[in-house]
Amino acid sequence: MVPPVSSLSPMASSPIPPPQVPKPSTRALSVVAPCSSSAASSSPSTSASPQVASAGRRGVLALGAGFLASAALLYPAGDAGATRIEYYATVGDKLCDLSLVKSGLAYCDVEVGTGAQPPRGELINVHYTARFPDGTVFDSSYKRGRPLTMRIGAGKILRGLEQGISGGGGVPPMLVGGKRKLMIPATLAYGPEPAGCFSGDCNIPGNSTLLYDLFLVGIYK
């Protein structure tokens, strides 16, 4: 499935091909000629062919070894694990008990921030991991390697995220440096319609409850 640009919005790489090893040219082996006429008379082309063929085979073997070494550099054994750790960066956060408020949003603070409270209408930087209730991750800023910049208090993000970050309705506002978990019901997310769709393939089914791990990195400057 193709992920959306960002699952925070209510509007919801190709693999490297293997190197092609060039085939040795058989014509080059048959047209090798000596540099002088005297050498031509003493060294017929039939006697030179095995040496040239052997050199050609050695060249191809060396070229193949080079490509294997390049592939090892492009695909080191630890890459898959490193990507997985980065993608699921928030799985190491300590657990907390969710508190349910009247809107249907549930939240809990893993770590209360010690910084400023972003004013409504400001741009903020947020790291997040988004999951379904079964634990499947469908979006993550950690995978992209940078936090998402978004504006709060402008109706540009999901209502559940707006309440979960800015506060209100029994939810305290987040402070810079804080980490919070949210459980957002479909009524505060995408509702009955699927989201994150591309060419008929939708990343988020309709009526989905969404779980977010948020880290308020700071106010955008």
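This is a predicted model: local features need pLDDT of at least 70, side-chain atom pairs count only at pLDDT 80 or more; totals for chains, interfaces and linings use all residues.
Residues are numbered from 1 along each chain as its sequence is written, and side-chain values use heavy atoms, leaving out hydrogens and water.

Of the 221 residues, 31% are buried, meaning under 20% relative accessible area with a 1.4 Å probe and protein chains only (exposed is over 50%, partly exposed in between).

Now to the aromatics. The whole structure holds three aromatic pairs; rings of Phe, Tyr and Trp (its six-membered ring) pair if their centres lie within 6.5 Å, with planes under 30 degrees apart called stacked, over 60 edge-to-face and the rest tilted. One of them joins Tyr128 and Tyr212, a tilted pair at 6.2 Å centre to centre and 45° between the planes. Tyr128 sits in strand S3 (residues 123-131) and Tyr212 in strand S9 (residues 210-219), so this pair ties together parts 84 residues apart in sequence.

Are these two tyrosines buried or exposed? Tyr128 is buried, at 0% relative accessibility, and Tyr212 is buried, also at 0%. Together with Phe132 and Phe138, Tyr128 and Tyr212 make up one aromatic cluster.

Finally, look at Lys179: its charged end sits over the ring of Phe215, 5.5 Å from the ring centre. That label requires NZ of Lys or CZ of Arg within 6 Å of the ring centre and within 35 degrees of the ring normal. Thanks, everyone!

Methods
Helices (H or I, at least four residues) and strands (E, at least two) are DSSP runs, numbered from the N terminus.
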